[in-house]
Amino acid sequence: MSLFRSLAGTEMPFSSDSCNRFDPGRYACVCCGSVLFDAATKFDSGTGWPSFDQPIVENAVAYRADNSHGMRRIEALCNTCDAHLGHVFPDGPPPSGLRYCMNALSLAKVEEDAHA
Ligand SMILES: [Zn+2]
């Protein structure tokens, strides 16, 4: 177990689930098309929601305190059109330590130009 882990040391810490594909690409706001996240920052949080550890640029996402349902959460919104994206939790992987838990329906995959 530990030997295998040391051999796999160059892998991303959350790449254990080979069923999930993390294709290169970007994710944009489904409402206005603003690019919000890069697939390189996507990780498998085990929650079933698309999870990222940071937005593609710092001001792509706006934040608002969400005290609904008796919880104190940080709501993430599109900084361009105010569309609800999901929530941000402080339990993500380093270096940001953040987990952007996004609604899959709030994001539209932006395909990269084909290389071949
Ligand atoms: Zn938007």
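This is a predicted model: local features need pLDDT of at least 70, side-chain atom pairs count only at pLDDT 80 or more; totals for chains, interfaces and linings use all residues.

Modeller: Residues are numbered from 1 along each chain as its sequence is written, and side-chain values use heavy atoms, with hydrogens and water left out.

Colleague: What makes C29, C32, C78 and C81 donors of the zinc ion?

Modeller: A donor is an N, O or S atom within 2.8 Å of the metal (3.2 Å for Na, K and Ca), and since water is not among the atoms, sites may look incomplete. The SG atoms of C29, C32, C78 and C81 lie 2.3 to 2.4 Å from the zinc ion, so they meet that limit. Along the chain these donors follow the spacing C-x2-C-x45-C-x2-C.

Colleague: Why is the arrangement around the zinc ion called tetrahedral?

Modeller: Four donors count as tetrahedral if all angles lie between 85 and 135 degrees. Here the four donor atoms subtend angles of 103 to 112°, and therefore the arrangement is tetrahedral. For comparison, the ideal angle for four tetrahedral donors is 109.5 degrees.

Colleague: Why is C32 called partly exposed?

Modeller: Buried means under 20% relative accessible area and exposed over 50%, with partly exposed in between (1.4 Å probe, protein chains only). C32 has a relative accessibility of 36%, so C32 falls in the middle class, and C81, at 33%, is likewise partly exposed.

Colleague: Which residues touch the most other members of the largest nonpolar core?

Modeller: They are L36, F37 and M102, in a core of 16 residues, where a nonpolar core is a set of buried Ala, Val, Leu, Ile, Met, Phe, Trp, Tyr and Cys residues joined through side-chain atoms within 4.5 Å.

Colleague: What makes the pair of Y27 and F52 edge-to-face?

Modeller: Rings of Phe, Tyr and Trp (its six-membered ring) pair if their centres lie within 6.5 Å, and planes under 30 degrees apart count as stacked, over 60 as edge-to-face and the rest as tilted. For Y27 and F52 the centres are 5.4 Å apart and the planes 65° apart, so the pair is edge-to-face. Y27 is buried at 13% relative accessible area, as is F52 at 0%.

Key
Four donors count as tetrahedral if all angles lie between 85 and 135 degrees; four count as square planar and six as octahedral if opposite donors are over 155 degrees apart and all others between 65 and 115; anything else is irregular.
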